[in-house]
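Thanks for making time this morning. I would like to walk you through one structure, beginning with the surroundings of the ligand and then turning to the sheet.

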Amino acid sequence: MRLRNVKGSRETIAANPLVICDITEKKGQWHEVFENSKPLYIEIGMGKGQFILEMARRNADKNFIGIEKYSSVLVRALEKCETFEGDNLRFIRMDAEKITEVFARHEVDGIYLNFSDPWPKDRHAKRRLTYRDYWSRYNEILKPEGEVIFKTDNRPLFDFSLEEVQAAGWELTDVTCDLHHSPAVEDNVMTEYEAKFSALGNPIHRLIARR
Ligand code: SAM
């Protein structure tokens with residue numbers, strides 16, 4: 001998702017206390033940002049933020065960081081947070097390619113990848129957030145018992161991701177090709193894309209992976 005450039009979005013982001021700017025300095029110190037040692041969950045490519053905001057609302061005992069590449073998208077998430085009163089949610093604008101520069105070894109308890117950009121052309125496969133190089137990065141920052149939870153309605157991307165997970169030596173602990181008609185739907189928090197595509201009748205696929 002790349003929205004048209006939103007005028008002043010960089011300034012809006014810099015002025016918002018929910019957005020952390022000097023991110024490499026926080027590596028290994030994220031508990032200090034939240035001023036507690038609650039478990040830390042991140043969503044990479046959080047778009048307009050519906051999922052991460054609802055997760056933060058439902059789980060006051062956990063900390064959440066939404067990560068988004070584009071300012072024009074991140075400002076939309078910040079607008080949604082105007083009435084949020086919790087202290088367990090922050091945002092970062094960055095390219096996930098550099099994720100290991102921002103989080104230390106085993107600093108993260110869980111990673112959410114929701115409706116990641118599919119990059120359908122073979123020559124762009126390396127850009128997919130479930131490409132094998134990304135699994136090495138997730139391996140570095142995730143706690144040994146931590147999980148990556150990936151949802152998409154895109155079947156080719158899902159099949160690619162299943163192959164990459166296993167090629168990277170991870171274990172699949174749960175796989176469903178129709179999340180909304182499985183018992184797991186009870187605890188499911190919908191993303192913007194999930195709401196849009198499930199309304200069109202597309203089945204939602206989900207995998208959960210751990211080392
Ligand atoms: N997760 C949201 C949802 O399910 O509604 C948004 C999905 S949207 C298709 C994918 C989002 O990931 C976009 O906002 C895009 O800018 C962001 N994104 C893609 N590649 C990224 C990267 N390398 N680092 C950070 N964000 C990225």
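The element that gives the most to the shell around the ligand is α7, with 3 residues; helices here are DSSP runs of H or I with at least four residues, strands are runs of E with at least two, and both are numbered from the N terminus. Please keep in mind that this is a predicted model, in which local features need pLDDT of at least 70 and side-chain atom pairs count only at pLDDT 80 or more, while totals for chains, interfaces and linings use all residues. Residues are numbered from 1 along each chain as its sequence is written.

In total, 22 residues surround the ligand, with G45, G47, A96, F115 and T191 the closest, where near means a C-beta atom, placed from the backbone, within 6 Å. Two or more residues come from each of β2 (63-68) and α7 (192-199).

Turning to the sheet, we have an open arrangement of 7 strands with mixed pairing, in the order β3-β2-β1-β4-β5-β7-β6, and two strands pair if DSSP finds at least two bridges between them. Because β3 (89-93) and β6 (171-176) each have a single partner strand, they stand at the edges, and one side of each is left without a neighbour in the sheet.

Within the sheet, β4 (residues 108-114) runs parallel to β5 (residues 142-152), the two pairing over 6 bridges, and Y112 stands opposite I149 in β5.
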